[in-house]
Amino acid sequence: MELRRLGGQGLEVSALGLGCMGMSEFYGATNEGEAIATIQRALDLGVSFLDTADMYGPFTNERLVGKAIAARRDEVQLATKFGNERRADGSWVGINGRPEYVRSACDASLERLGVETIDLYYQHRVDANVPIEETVGAMAELVQAGKVRFLGLSEAATATIRRAHAVHPITALQTEYSLWSRDVEEEILSTVRELGIGFVAYSPLGRGFLSAQIRGPENLDEGDFRAHNPRFQKGNIEGNLELIDRIAEIAREKNVTPAQLALAWVLAQGDDVVPIPGTTSISHLEQNLAALEIELTSEDMARIEKAFPSEAVAGKRYPDMSSVNR
């Protein structure tokens, strides 16, 4: 497995990680046994970078990941997040970056995961009501206490990233990035590269849309949050389907799947970029990992760019964009 370095503090992870969110919530029905088997198969195949968060479930995803890696902790670079505060019944509290909450959330995550140290601890969303210096200061205390090894941010704006990095080195920024979510190219990517911060691309398959298997909300299970995503709605999805059909054509010519081509495109953005596609099945996991073997030429990249121009994507990433790019 190819390794990639995130940031300048010494964190190395597999070039392709595994996002675990959908194993517990948001994408319809879940199966814990299959999820654990998928995580363990990922470890067998050299995937060392697992991504979870306290809000997934809520709380159940961390327990699931902890159970899956209990006998294999030394094989894993474990990332989790705090900041999107939810109650045990799933109800929403709000975004919380207060220092006392940072400390309590970390302790709770350590207990659920069954580990002594979190390798990469992210602020999941930036709290607009708490100075980033206070939040990152509390996160830095966790590093000093040995509870966390490296610090990260998710969906933070460039000014916030700079202010946070001045308090304590930020190892990674996690933000949505794929063929149909490319707003980070405007200034985020150049900023993190200037500062020596690694980039973790979540939803590199466009929430499954880039697999070319979802033709509309009718393809989604009951309870799947994507049914409410603007890009999957009538009026937007028709144009987006035209884009993915063009990618599918290129993929057929290269004898790969559209998902593999989409992942190869993200991987080709730089050695400091690590995509973390999520899946709940071993077969999809293995297909995703095959993207590491795909080499895209400059001609391939230019053709993909022409077939799927970022400005042609219809719809926002989230129904409410107020909590991202803060």
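Mentor: Start with E133, which is partly exposed, with a relative accessible area of 32%. Keep in mind that this is a predicted model. E133 sits in helix 4. What does E133 touch, once its neighbours within four places in sequence are left aside? The contacts are R163 and V167.

Take R163 next. E133 and R163 form a salt bridge, and their closest N and O atoms are 2.8 Å apart. Helix 4 (residues 132-144) holds E133 and helix 5 (residues 158-167) holds R163, so this pair ties together parts that are 30 residues apart in sequence. R163 is also partly exposed, at a relative accessible area of 39%. The side chains of E133 and R163 are also joined by a polar contact of 2.8 Å. For a sense of scale, look at L241. It is 108 residues from E133 along the chain, and the two C-alpha atoms are separated by 42 Å.

How many salt bridges does the model hold? The count comes to 28.

Move on to R303. It forms a salt bridge with E253, with the closest N and O atoms 2.6 Å apart. R303 is in helix 10 (residues 298-307) and E253 is in helix 7 (residues 237-253), so the pair ties together parts that are 50 residues apart in sequence. R303 is partly exposed, with a relative accessible area of 37%.

Now K254. Its salt-bridge partner is D300, and the closest N and O atoms are 3.1 Å apart. K254 lies in the loop between helix 7 and helix 8 (258-267), while D300 lies in helix 10, so parts that are 46 residues apart in sequence are tied together. Are the two ends buried or partly exposed? K254 counts as partly exposed, at 30% relative accessibility. D300 is buried, with a relative accessible area of 18%. The cut-off for buried is under 20%, so D300 falls below it. Salt bridges can also share partners: E155, E176, D183, R207 and R317 are joined into one network that way.

K147 gives another charged side chain to inspect. It lies in the loop between helix 4 and strand 9 (148-154). At 27% relative accessibility, K147 counts as partly exposed. Its side chain meets that of D107 in a polar contact of 2.8 Å. D107 is one of several contacts of K147 beyond four places in sequence; the others are C106, L110, E116, T117, I118 and L142. S109 is 38 residues from K147 in sequence, and their C-alpha atoms are 10 Å apart.

Strand 12 (residues 273-275) is where V274 sits. V274 counts as buried, at 0% relative accessibility. Its C-alpha atom is separated by 4.8 Å from that of V200, which is 74 residues away along the chain. V274 touches V200 and also F199 and A201.

One cavity of 30 Å³ or more is counted. The largest cavity holds about 40 Å³ of space. G17 is in its lining, together with L16, L18, V47, P277, T279, L285, N288 and L289. Which element gives the most to that lining? Helix 9 (residues 282-289) does, with three residues. What about charge? The lining has six nonpolar, three polar and no charged residues.

Note on methods. Residues are numbered from 1 along each chain as its sequence is written. This is a predicted model: local features need pLDDT of at least 70, side-chain atom pairs count only at pLDDT 80 or more; totals for chains, interfaces and linings use all residues. Side-chain values use heavy atoms; hydrogens and water are left out. A salt bridge is a side-chain nitrogen of Lys or Arg within 4 Å of a carboxyl oxygen of Asp or Glu. Helices (H or I, at least four residues) and strands (E, at least two) are DSSP runs, numbered from the N terminus. Buried means under 20% relative accessible area, exposed over 50%, partly exposed in between (1.4 Å probe, protein chains only). On a 1 Å grid over the protein atoms alone, a cavity is a set of points where a 1.4 Å probe fits but cannot get out, and a pocket is an open set with protein on both sides within 12 Å along at least five of seven lines; lining residues have an atom within 4 Å of a point. Grid points are joined across faces, edges and corners, and a volume is the space filled by probe spheres set on the points. Ala, Val, Leu, Ile, Met, Phe, Trp, Tyr, Cys and Pro count as nonpolar, Asp, Glu, Lys and Arg as charged, and the others, Gly among them, as polar. Contact means heavy atoms within 4.5 Å. A polar contact is a pair of N or O atoms within 3.5 Å; within protein, one must be able to donate a hydrogen and the other to accept it, and residues adjacent in sequence count only if both atoms are side-chain atoms.
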